[in-house]
Amino acid sequence: MAVVLLSIVVAMSKVVLISGASSGIGEATARVLAAAGHQVFLGARREDRLAALADEIGGAYAPLDVTSRESFQSFVDAAVERYGRVDVLVNNAGVMPLSLMSSLKLDEWDRMVDVNIKGVLNGIGAVLPRFTDGGHVVNVASIAAHMVMPTAAVYCATKYAVWALSEGLRQESENLRVTVISPGVTESELADTITEEFSASMMEDFRKVAIPASAIGDAIAYAISQPESVDVNEIVVRPTAQR
Ligand SMILES: NC(=O)c1ccc[n+]([C@@H]2O[C@H](COP(=O)([O-])OP(=O)(O)OC[C@H]3O[C@@H](n4cnc5c(N)ncnc54)[C@H](OP(=O)(O)O)[C@@H]3O)[C@@H](O)[C@H]2O)c1
């Protein structure tokens, strides 16, 4: 009986790669998924944080800069070398240096495009050839994939792009599951990337109702746990108090 139960648990356990696992939603998702019995492989640039988290929750990690195609390729290769396969990629890494467009923070626009759009594409490009039985791409977009706000024009554009890429990928694939997770305001370090004072103080007020990052991890765990024939296309999770 114990052997049967163990083999069911092993069959349900997935190898899940998570980008941006060194803080916020990525870190919380790693905790939720590891607690649910999945094998998590963590990626980000701050390796000290990944090492501590992997040690604590029993996962593994490799350095990852999502803006580099080569880095994402090596990250996926390292996961396959360790676990023999990849079942799920959570494209979670993102930055949000909000500002008015008239402030002309062109480098920050570039960084959002590089991390939030190209980073997701690099992940998809690296992982698709490595999926064997179907596979599952979970892209973390945002409520900013559905609405545009002042100071968030470029950020919203990147998240609309993530939504469009996900939907296109889903329509093209018969046995690949694609899920968009669109969080509302969530506890994390995301607002730390804002350099414009006006936007930073606006965000401070906006973020007062933030929900714990584990709420997003729970939504990702739900999507992953569905039967292979069920593709949860999108989940929007936001604070009850958020307008
Ligand atoms: N928190 C919210 O309210 C909210 C709402 C909607 C959507 N989101 C989305 O949720 C995702 C996670 O953000 P978060 O809120 O958890 O913020 P966070 O705490 O700042 O986490 C961002 C993660 O992205 C990683 N990252 C940034 N640039 C990277 C790069 N070039 N290569 C690899 N990793 C990189 C960071 O790791 P390193 O710096 O160590 O590389 C970090 O682990 C983002 O896509 C964000 O847009 C968040």
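**Helix α2, length.** I began with α2, whose 12 residues should span 16 Å at 1.5 Å a residue; its end C-alpha atoms are 17 Å apart, which agrees. The expected span is 1.5 Å times one less than the number of residues. Helices here are DSSP runs (H or I, at least four residues) and strands are E runs of at least two, numbered from the N terminus.

**Ground rules.** I noted that this is a predicted model, where local features need pLDDT of at least 70 and side-chain atom pairs count only at pLDDT 80 or more, while totals for chains, interfaces and linings use all residues. Residues are numbered from 1 along each chain as its sequence is written, and side-chain values use heavy atoms, with hydrogens and water left out.

**Burial.** How many residues of α2 are buried? I found 9 of the 12, so α2 is largely enclosed by the rest of the structure. Buried means under 20% relative accessible area, exposed over 50%, and partly exposed in between (1.4 Å probe, protein chains only). Among the buried ones are Gly24, Ile25, Ala28 and Val32. The buried residues pack against β1, β2, α3, β6 and α8, with contact meaning heavy atoms within 4.5 Å.

**α2 with α8.** I looked at residues 24-35 against 214-225: the axes come within 8 Å and cross at roughly 50°. That makes α2 oblique to α8. Axes are lines fitted to C-alpha atoms, for helices over the stretch in contact, and angles run from 0 to 180 degrees between N-to-C directions. Under 35 degrees counts as roughly parallel, over 145 as roughly antiparallel, 65 to 115 as roughly perpendicular and the rest as oblique. On the α2 side I listed Ile25, Ala28, Thr29, Val32 and Leu33; the α8 residues they meet include Ile216, Ile220 and Ile224.

**α2 with α3.** These axes come within 10 Å and cross at roughly 20°. That makes α2 roughly parallel to α3. Glu27, Ala30, Arg31 and Ala34 in α2 meet Leu53, Glu56 and Ile57 in α3.

**Positive phi.** Most residues other than glycine have a negative phi, and I wanted to see what departs from that. Just after α2, glycine 37 has a positive phi of about 100°. Leucine 104 is not a glycine, yet its phi is positive at about 55°; it sits in the loop between β4 and α5. Is leucine 104 buried or exposed? At 56% relative accessibility, it counts as exposed. Threonine 151 has a positive phi near 75°, and it lies in the loop between β5 and α6. Threonine 151 is buried, at 9% relative accessible area.
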